[in-house]
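The following briefing is intended for a reader who is new to protein structure. Please examine the sequence and the model shown here before reading the points below.

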Amino acid sequence: MYPEYMVAPIREDLTSAGFEQLTTPEQVEQAINSEGTVLLAVNSVCGCAAAKARPALKISVAAADKKPTKLVTVFAGMEQEAVAKARELMLPYPPSSPSIALFKDGELVHMIERYHIEGNELNRIVDNLQGAFEEYC
C-alpha cells in the first residue's frame with residue numbers, strides 16, 4: 001500500500017471530475033449492480049494512468065453527448081478488497097492497472113485494459129470510450 005499523502009492528489013484527479021471513490025467491496029458491488037451504465041476506473045500511481053487513463057476519462061466524459069449514469073473509481077495498491085471485488089466483476093479480463101470498464105445494468109459491456117492504454121495515443125483512448133458511451137449509454 002502507498003502512503004495516503006501520495007495518492008490523495010491522484011484520487012482527487014478523478015473525484016474532482018465527478019468520479020465517486022469506492023473503498024469497500026460492498027460499495028463496488030452496489031455501484032456496479034445498479035440500474036443504468038457505470039463507468040469504473042481502476043486508478044493507479046503509474047505513469048500511463050497519469051498521462052493517458054485519467055486524462056482520457058475526464059475528456060471523454062466531459063465531451064460526450066451520451067454519458068454513463070454513474071462514474072466510480074477504485075485505487076489499485078490501496079483498498080485491496082474493493083479492488084479485488086472490482087476485478088472479480090471484470091472477469092474474464094485479467095487484473096490490470098490502470099483499466100477502465102463500462103457496465104450496463106450490472107453486466108460488463110466494454111473493457112479497456114492497461115495494454116490498450118499505455119501503448120496508445122490519448123485521442124484514441126478518448127474515441128474508444130466515447131464510442132462505448134454512444135453504444136451503451
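## Briefing on the predicted model

Proline 98 lies in the loop between H4 and S4. The model that contains this residue is predicted.

**Backbone features in the loops**

- The peptide bond that joins serine 97 and proline 98 is cis, and its omega is about -5°.
- A cis peptide bond also runs from leucine 91 to proline 92, where omega is near 20°.
- Proline 92, too, is found in the loop between H4 and S4.
- Aspartate 105 is not a glycine, yet its phi is positive, at about 50°.
- This aspartate 105 belongs to the loop between S4 and strand S5, which spans residues 107–112.
- Aspartate 105 counts as partly exposed because its relative accessible area is 47%, a value between the limits of 20% and 50%.

- Helix H2 covers residues 25–32, and its buried residues are Pro25, Val28, Ala31 and Ile32.
- These four residues lie on the same side of H2 because they cover an arc of only 135° around the axis.
- The face of H2 turned away from the buried side carries Glu26 and Gln30, which are exposed.
- The cover over the buried residues of H2 includes two strands, S2 (37–43) and S3 (70–75).
- Helix H4 (80–89) and strand S4 (99–104) are also among the elements that cover these buried residues.

- Side chains of opposite charge can pair when their charged atoms come close.
- In the whole structure, the search finds seven salt bridges.
- One of them joins arginine 11 and glutamate 79, with 2.7 Å between the closest N and O atoms.
- This pair links distant parts of the chain, since arginine 11 is in helix H1 (residues 4–15) and glutamate 79 is in the loop between S3 and H4, 68 residues apart.
- Arginine 11 and glutamate 79 are both buried.
- Glu4 joins Arg11 and Glu79 in a network of salt bridges.
- Lysine 58 forms a salt bridge with aspartate 13, and their closest N and O atoms are 2.4 Å apart.
- Here, too, distant parts of the chain are linked: lysine 58 is in helix H3 and aspartate 13 is in helix H1, 45 residues apart.
- Lysine 58 counts as partly exposed because its relative accessibility is 30%.
- Aspartate 13 is likewise partly exposed, with a relative accessible area of 21%.
- A further salt bridge pairs lysine 85 with glutamate 29, where the closest N and O atoms are 3.3 Å apart.
- This pair connects helix H4, which holds lysine 85, with helix H2, which holds glutamate 29, and the two residues are 56 residues apart.
- Lysine 85 is buried at a relative accessible area of 16%, whereas glutamate 29 is partly exposed at 34% relative accessibility.

- Glutamine 21 is part of strand S1, which consists of residues 20–21.
- With a relative accessibility of 18%, glutamine 21 counts as buried, because the term applies under 20%.
- Residues up to four places away in sequence are not counted here; glutamine 21 touches Arg11, Thr15, Gln27, Thr73, Val74, Phe75 and Glu79.
- Two of these contacts, Arg11 and Glu79, also take part in the salt-bridge network with Glu4.

**Cysteines**

- How many disulfides does the model have? The count is zero.
- Cysteine 48 is in no disulfide, and the nearest cysteine sulfur, which belongs to cysteine 46, is 3.4 Å away.
- Cysteine 48 is buried, with a relative accessible area of 11%, whereas cysteine 137 is partly exposed at 28% relative accessibility.

**A nonpolar patch on the surface**

- Tyr2, Tyr5, Met6 and Val45 make up a nonpolar patch on the surface, and together they have about 410 Å² of accessible area.
- Valine 45 counts as partly exposed because its relative accessibility is 31%.

Terms used. Residues are numbered from 1 along each chain as its sequence is written. This is a predicted model: local features need pLDDT of at least 70, side-chain atom pairs count only at pLDDT 80 or more; totals for chains, interfaces and linings use all residues. Side-chain values use heavy atoms; hydrogens and water are left out. Buried means under 20% relative accessible area, exposed over 50%, partly exposed in between (1.4 Å probe, protein chains only). The arc is that of the directions from the helix axis to the C-beta atoms. Contact means heavy atoms within 4.5 Å. Patches are made of residues with over 30% relative accessible area and no salt bridge: like charges are joined within 9 Å, nonpolar side chains (Val, Leu, Ile, Met, Phe, Trp, Tyr) within 5 Å. Accessible areas come from the Shrake-Rupley method with a 1.4 Å probe; for residues, only the protein chains shown count as cover. A salt bridge is a side-chain nitrogen of Lys or Arg within 4 Å of a carboxyl oxygen of Asp or Glu. A disulfide is a pair of cysteine sulfur atoms within 2.5 Å.
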